[in-house]
Amino acid sequence: MTPKPLVIITPFNESQIQPVIYCAKENGMQIRVRSGGHDLEGLSYTSEEPFVILDLVNLREINVDVDKKTVWIQAGARLGELYYRIAEKSRTLGFPAGVCPTVGAGGHISGGGYGVLLRKYGLAADNVIDARIIDVNGRILDRKSMGEDLFWAIRGGGGTSFGVVLAWKLQLVDVPEKVTVFTIARTVEQNATNIVHRWQYIAHKLDEDLAVRVYIRRVNSSQDGKRTIQVSFQSLFLGSVDRLLPLMQRSFPELGLQREDCTEMSWIESTLYIYELPVEPLDVLLNRTQANIQYLKVKADYVQKPISKNGLEGIWKRFFEEEAEEALLVFVPYGGRMDEISESAIPFPHRAGNLYQIDYYVYWDEEEASERYLNWIRRLYSYMAPYVTKFPRAAYVNYRDLDIGVNNKGNTSYAQASIWGLKYFKNNFNKLVNVKTKVDPSNFFRNEQSIPPLYSRWTKNGK
Ligand code: FDA
């Protein structure tokens, strides 16, 4: 049974949050902060300790300043709302964040946040220029008053650890009036293995206006109805089809892209296309309700050397197992702007040297079946070990995965936390611990994978 909170508080303004912090401290309660509620291990709404949920669902204002190319967005607003509000004011501005429109700004940007503009503009957190947070003492701080170390930590160090993020100020980015999208699907019988193999050598080196993602699924073959593996190459190009075609011909002829495969549309329409939704009506982006997913487990990896064809075939083999009916693998190309930003610029360390990120997803419907599906994804993850980063095997904090380690119950030790912390943050983990020690030494803001302060035990009332 999922543990339930004692109360869910849904403040309408910032000043209603401070009493919640004082009261929780006084009564030895834990606070779980929820913005969009998409935490992949449910840490924004469950806890083993007595807890209250601070749900920022009503803090969702978005103020776009077209002249300055900036926006203030409150933590409870969703990415789809952000994209919609930007497009309402300008068709040549956008923002580089995640593809799922119902993800919340609060948690997403706290952990980095990547989408299809990654190669051109980096992560959402790379484009944060100011923020408002409430700290453990109930003080409201902005960039100036929180100081650069704390401002560094909240841009990618993961939600929860450093306080409650109220709002972000973001730098908007330029997008052309028309972008070009395409999706080309190939089964293994149609040479998919060779094309993916080749993709690994070029996707990170392509023009940074171009992102070609790879989606791998099991499908029934259209010819004989037999199961097969289908690889879809889904792309966003920040330019016209006339510029894209020669570029693809030069760098990735194996895909055989034709003009008729391509569609030109506005950037805002492309946000729907990339999420595999019809491109109109646009106001679907304002829908705050998450698709009804029953059970889902996600993991992530980083690849620095192309996987051999044999290695890829081993993945296909696992996709023929029963549990993979609703499974999905996504290869997200890096390179471009990601290579230029230093590993320590913000806590997110996965920069130059990474060819692509792998996201693993498995879905199922019935709780009783959970073990089987979890075992399937864990087996696939073990199979992948030789092909991905090592020492540590890197992971992405926004694809939260408690399999890679959790804090000690009741006593957050540095040694225990570094097992998962070094995977998410590499050497930035130590700086995150130092910032935490300074701003929240009593470890009031915590969860199963929060940054621990040094030399401190959890205390009952956070004092
Ligand atoms: P939620 O409210 O659950 O918060 C996540 C974590 O941050 C929790 O630990 C929470 O306590 C904490 N937190 C939340 N609000 C806070 C605040 N205001 N202050 C301090 N801490 C806070 N990621 C990505 O990079 N690119 C993508 O394309 C996608 N796509 C995607 C699709 C789907 C369907 C899911 C479920 C998830 C993704 N993600 C993703 C992962 C997503 O970025 C990640 O789950 C975010 O943490 C979700 O942020 P929410 O605010 O929605 O979650």
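Hi everyone, let's start with I134, which is buried at a relative accessible area of 0% (buried means under 20%, with a 1.4 Å probe and protein chains only as cover). Before I go on: this is a predicted model, where local features need pLDDT of at least 70, side-chain atom pairs count only at pLDDT 80 or more, and totals for chains, interfaces and linings use all residues. Numbering runs from 1 along each chain as its sequence is written, and side-chain values use heavy atoms, leaving out hydrogens and water.

I134 sits in strand 7, residues 128–134 (strands are DSSP E runs of at least two residues, helices H or I runs of at least four, numbered from the N terminus). Leaving aside residues up to four places away in sequence, I134 touches a list of residues including I17, I21, V164, L166 and F445 (heavy atoms within 4.5 Å). I21 is 113 residues away along the chain, yet its C-alpha atom is 9.2 Å from that of I134.

Now, the ligand. Which residues come nearest? Of the 31 around it, they are V33, S35, S44, H108 and Y396 (near means a heavy atom within 4 Å). Helix 3 gives the largest share of that shell, with three residues.

For polar contacts, meaning N or O pairs within 3.5 Å, a ligand oxygen lies 2.8 Å from a backbone N or O atom of G104. A polar backbone atom of G107 is 3.0 Å from a ligand oxygen, and for a side-chain N or O atom of R400 the distance to a ligand oxygen is 3.3 Å. Thanks, everyone!

Technical notes
A polar contact is a pair of N or O atoms within 3.5 Å; within protein, one must be able to donate a hydrogen and the other to accept it, and residues adjacent in sequence count only if both atoms are side-chain atoms. Buried means under 20% relative accessible area, exposed over 50%, partly exposed in between (1.4 Å probe, protein chains only).
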